[in-house]
Amino acid sequence: MNLLRGAVRTYAWGSRTAIADFTGRPSPTAHPEAELWFGAHPGDPAWLETEDGERSLLETLRNDPEGQLGPAVRGRFGDTLPFLLKVLAADEPLSLQAHPSAQQAAEGFAREDKLGIPVSAPNRNYRDPSHKPEILIAVGQFEALAGFRPAERTIELIRALAVTDLDPYVGLLVGQPDADGLRALFTTWITAPQPDLDVLVPAVIEGAIHYVRSRKKEFAAEAKTVLELGERYPGDAGVLASLLLNRITLQPGEAIYLPAGNLHAYLHGVGVEVMANSDNVLRGGLTPKHVDVPELLRVLDFTPASEDLIRPTVTEDGIELVYNTPAPEFAVSELRIDGEHLGHEIDAPSRHDGPQILLCTTGSTVVHAKGGNVTLNRGSAAWVAADEGPIRLAADSPTRLFRATVGI
């Protein structure tokens, strides 16, 4: 078992304070810090703190896959850690995006390899052959767009904005209030010529302004999101697409699960993400990065989903709060030490027989394993190899740890 130093990713939408404050570094930072990666992705592996200095987790897995991953995980996923844990800090909205299925990712990766597009090229869609289901758990209040809202509710929203330019488009949903209608409307907007967008987007923004000024509450969050996106990305079809998605506010500890094909855009906040070990993103707007609308349309799932369907069920097992997802690559939970458990060594549930990554978000705890012990404070993480579990925990003050492991 070793302390694990995450790899910081700097993107324009990140925060100059959130990740630095979380990890106890000086802030504000010189550049916006968007993500902190704890995993073994070749693009940015985390680093183990060892007696001989820092060592890449990716290199460690290559040198000792049996001990680090365990025979069961190797039998299912080979010599690769199948999950990636991140801390995400968004000060500005992320791109409108979706992730491919396993089959789509494998086909897309092979296709782009055949075309000779370098993996690092900015116009590359598929940087690895894996799918990327993911869960995001809010650390503070977190704002997001995720999943196509049921058509009937979207019709109510568009009518509430009272924008006459939208009347013809509402008809597409009224006549077909299902996945096919959402596909038709989204496709019409996302492929619209720029001169049409230059008329329609400002009209929608004007409607949102009037709605906010009216002090009506029913669609206030949706209208404010239109204004925020319209200010940052004037004339972008993604501003219109935001009208079709569930507008979600997560409180600390609440989560959303995003399977393949789920259109989403994170708006603001800090969260812990756990996902399959992939960096495949298909973008449709709200970004200066590469946008590939035809490929995005190929992978999208237009099935309407209420907000309840996007949120995973949560079950309690002793000190562990488990966020249930169907993803085989990962499982994620929160270990909570408080009350009668303070001041004592306690066993963490030991149903995980593979490797673990532990991330402390509150308090401080000593983690005991076969290979020794480490102290985790807020913002620090540990790697527990498969041959070092199970673990025991000891804390003197209320403490929260996120635990990422391989799924069942």
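In strand 23, alanine 404 is the bridge partner of isoleucine 357. Strands here are DSSP runs of E with at least two residues, while helices are runs of H or I with at least four residues, both numbered from the N terminus. The structure is a predicted model, in which local features need pLDDT of at least 70 and side-chain atom pairs count only at pLDDT 80 or more, whereas totals for chains, interfaces and linings use all residues. Residues are numbered from 1 along each chain as its sequence is written, and side-chain values use heavy atoms, with hydrogens and water left out.

Strand 18 (residues 356-362) and strand 23 (residues 399-405) pair in the antiparallel sense over 5 bridges; two strands pair if DSSP finds at least two bridges between them. Both strands belong to an open sheet of 9 strands with antiparallel pairing, in the order 5-4-1-21-18-23-16-15-14. Its edges are strand 5 (53-56) and strand 14 (314-317), each of which pairs on one side only.

The next element to consider is helix 10. Its 13 residues (220-232) should span 18 Å at 1.5 Å a residue, and the end C-alpha atoms are 19 Å apart, which agrees; the expected span is 1.5 Å times one less than the number of residues. Among the buried residues of this helix are Ala220, Val226 and Leu229, where buried means under 20% relative accessible area, exposed over 50%, and partly exposed in between (1.4 Å probe, protein chains only). The elements covering the buried residues of helix 10 include strand 9 (142-148) and strand 10 (245-250).

Side chains of opposite charge can pair when their charged atoms come close. A search of the whole structure finds 22 salt bridges, each being a side-chain nitrogen of Lys or Arg within 4 Å of a carboxyl oxygen of Asp or Glu. One of them joins glutamate 143 to arginine 247, with the closest N and O atoms 2.7 Å apart. This pair links distant parts of the chain, since glutamate 143 lies in strand 9 and arginine 247 in strand 10, 104 residues apart. Glutamate 143 is buried because its relative accessibility is 12%, and arginine 247 is likewise buried, at 18%.

Finally, the UniProt record, an unreviewed entry, places the feature "active site" at Arg283; such annotations may be inferred rather than shown by experiment. Arginine 283 is found in strand 13 (residues 282-285) and counts as buried because its relative accessibility is 17%. Leaving aside neighbours within four places in sequence, the contacts of arginine 283 (heavy atoms within 4.5 Å) include Ser95, His290 and Asp292.
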